[in-house]
Amino acid sequence: MLLGPALLVSAVLFALGVAGVLLRRNAIVIFMCVELMLNAVNLTFVALAQRLGVAGQVFVFFVMAVAAAEAAVGLAIILAIYRHRQTLNLQNINLLKG
Amino acid sequence: MPGSLLDALWLVPALPLAGFVLNGALALTRPGAKRAVSLIGVGVLLLAFAAAAGAVVGFARLPSGEPVVQRYWEWLPVGDLQVHFALQLDRLSAVMILVVTGVGALIHLFSVGYMHDDPGYARYFAYLNLFVFFMLMLVLGASFPVMFVGWEGVGLCSYLLIGFWFNEQINADAGKKAFIVNRIGDVGFLVAMLLLFRATGSLDFGVVFSRAAGTFPPGGALITAITLFLFLGCTGKSAQIPLYTWLPDAMQGPTPVSALIHAATMVTAGVYLVARCGVLFALAPVASAVVAGVGALTALFAATIALKQWDIKRVLAYSTISQLGYMFLGVGTGAHAAGIFHLATHAFFKALLFLGSGSVIHALHHAYHATHAHDDAQDMRNMGGLRHQLPWTASLMWIATLAISGLPPLAGFFSKDEILSAAFAQGAVRPIWYAFWAMGIAAALLTAFYMTRLMLYTFHGPKRTGEDARAHLHEAPWVMTGPLVALGGLTLAGGALNVSPLFGGGTWLHRWLEPVTAAADRLQPAVELSRATEWALVLGAVAVAALGIFGALRLLKPEALVPARLAPPETGLGRVLWKKWYVDELYDAVLVRPVMWLSREVLWKVVDARLVDGLLVNGSAVASRALGWVGSRLQTGEVGFYVVLFVIGVLAVLGAAVR
């Protein structure tokens, strides 16, 4: 029940996240969009767990744990970049240019 | 007992090899240890001679006289080709190992005195030992590949020893010339070997020779080609026309080296090869005629050049070429025993001549060193009257001179006479041999002439050495005169090996070699001469030799000579002979320069610089750089761009998975 709407919402959320990553320039906003994508996936897991068993719900906890760790590392990197470059605009951060 | 002596056959080459290893180690670590070096260098040769003599005695006691083949290990097992590392002792190699180790030991002993003050003393003996090892491999090898190892090895040692004093350009060049000219001949050897394998399916001497008569029709094209290719190898190694030019230049090496390698042993390898392959040559009459003809022509041609050389060693070098020509005339005629006989006697008297000239050069060199003069110690115009200072050398060299001229009862008389008689006898069957015989006789006349000239200018007449230098001239120490005396004895008595029945002898060497030469003799029977003809030939040959000697004594005026630095340039025919018929210049213009031009202008500047370097090396670099540039356009460094690509990639994968 309600599986179709739940999956639709999560797909919309995921697409918003992708669009944000693709279109925004600020590192923090991009970071937030990544979190949004993760949570969209979580929603999918929970929704599908109704049909397919409890394993999906367990996976959600793993995803949240990884997301927490990622947030810690990611924010630290963003802080370090800001200290170096005084900006978080990714268009100005292109040292890896070949 | 005979068996155990024969079992030690491997010792014969192994001892000089051990000498090389030890002396080589000393040369690298303690080059000053001359006493140890001399002890090892000469000692291994004496031991090798003893081992060789023991093996030959053991072999002679065997009833059959069949070759003894000792197999040690499997060397080249490739498909149908099974080459064992094997040594073969038969009556021919028995003669050769005795000559190589015997004469070699005497020359090693002489070197102790001659090279004593040289800084490269240990290196010299290491090379000399190595040479003897390879030479023994050459004559003891039981198959063509093993022989070829020795064949190449002696070439290498020859190169190393000619360029022994390599810090002078001319010596290094002479070494290179010898090596390169020999390579041309070696190609012939190799081609002949491969053809033989294709035709007979084996490379072992025994198998090849026993199958030869059944495989090759007599006078066929294949056997003629094989033997001619073999002979090309011989012309390189044994300095015959057209590849003889390296030998005179090889005189840049130390004189004992000239005596050992470039007179007594290595250069006779070609004669040995033709005698060894006597069956093959007997099946190819055309090739035999070529061998004999080239031999006779070389004998005459080299003798003319020797008439006008001033360098004492160059006279002897051309004399060696000429005498090698006699040997080829002998083996080409089918008189293998006579050729090998001349090989042995020539080893005695030519080694004596070279060592004698070494003694002269040594004395002059010391005198010049003491007086700080810079004259050429090898130019006969700077010598004269040396018999007073070097009485032993002078008298011993006179013996060798009379021997090489062919006066009885010295060694050279018997061997040379036998070759010329065989050639004359062959003329009854194939008339072209009369021409070869005539060339041989003419060469004998010239030989007597130029050898007497050498002796006259060196030891007689006025003394052209400077007054102060003369005070320092003295006879060499016993380590140098001792070998000379021993060789003098061999020169006097060596003819006894094979005295023909004409003089009541039993042709001992001829009968000894019978098992080896029998197969060839059956195919190419010797022609018998009547007693009267033989006597006429012998008397004629002696008369020619005597004419040459007395002609030289009458015509040449040592009184008129002036030292080399005052001498006027030669003119007319004398200049042509002095310039060696301009053969070196001819080869330079026809072969060396075109090859150099081709190498420089085409192979280097076009093929190497443009094609290899330009197109292939730099071209692939440019191509990969261009590819890299295309790839690096994707590396914008902007995370957003990467994400776009990433998303596109994921969508593509998902799209493919869903479908």
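This tour moves through the structure selection by selection.

The model is predicted: local features require pLDDT of at least 70, side-chain atom pairs count only at pLDDT 80 or more, and totals for chains, interfaces and linings use all residues. Residues are numbered from 1 along each chain as its sequence is written, and chains are lettered from A and ligands numbered from 1 in the order in which they are written.

Begin with chain B, whose C-alpha trace spans about 115 × 65 × 55 Å along its principal axes. Chain B contains 27 helices and two strands; these are DSSP runs numbered from the N terminus, with helices being H or I of at least four residues and strands E of at least two. Of its 659 residues, 51% are buried (20 or more other C-beta atoms within 10 Å of the residue's own; exposed means 12 or fewer, partly exposed in between, with C-beta atoms placed from the backbone).

Next, select residues 68-78 and 81-89 of chain B. These are β1(B) and β2(B), which pair in the antiparallel sense over nine bridges; pairing requires at least two DSSP bridges. Leu76(B) stands opposite Val83(B) in β2(B). Two residues separate the strands of this hairpin, and Gly79(B) in the turn has a positive phi of about 55°.

Proceed to Pro242(B), in the loop between α9 and α10 of chain B. Its bond with Ile241(B) is a cis peptide, with omega of about 5°.

Now display α18 (residues 411-426) and α24 (residues 531-555) of chain B, whose axes come within 10 Å and cross at roughly 130°. Axes are lines fitted to C-alpha atoms, for helices over the stretch in contact, and angles run from 0 to 180 degrees between N-to-C directions. On α18(B), the contact involves Asp417(B), Leu420(B), Ser421(B) and Phe424(B), and on α24(B) it involves Glu534(B), Leu537(B), Val538(B) and Ala541(B); contact means C-beta atoms, placed from the backbone, within 7 Å.

Finally, compare two residues with positive phi. Lys580(B), with phi of about 60°, lies in the loop between α25 and α26 of chain B and is buried, with 21 other C-beta atoms within 10 Å. Gln86(A), with phi near 60°, follows α3 of chain A and counts as exposed, with 8 C-beta neighbours inside 10 Å.

Conventions:
Two residues are in contact if their C-beta atoms, placed from the backbone, lie within 7 Å.
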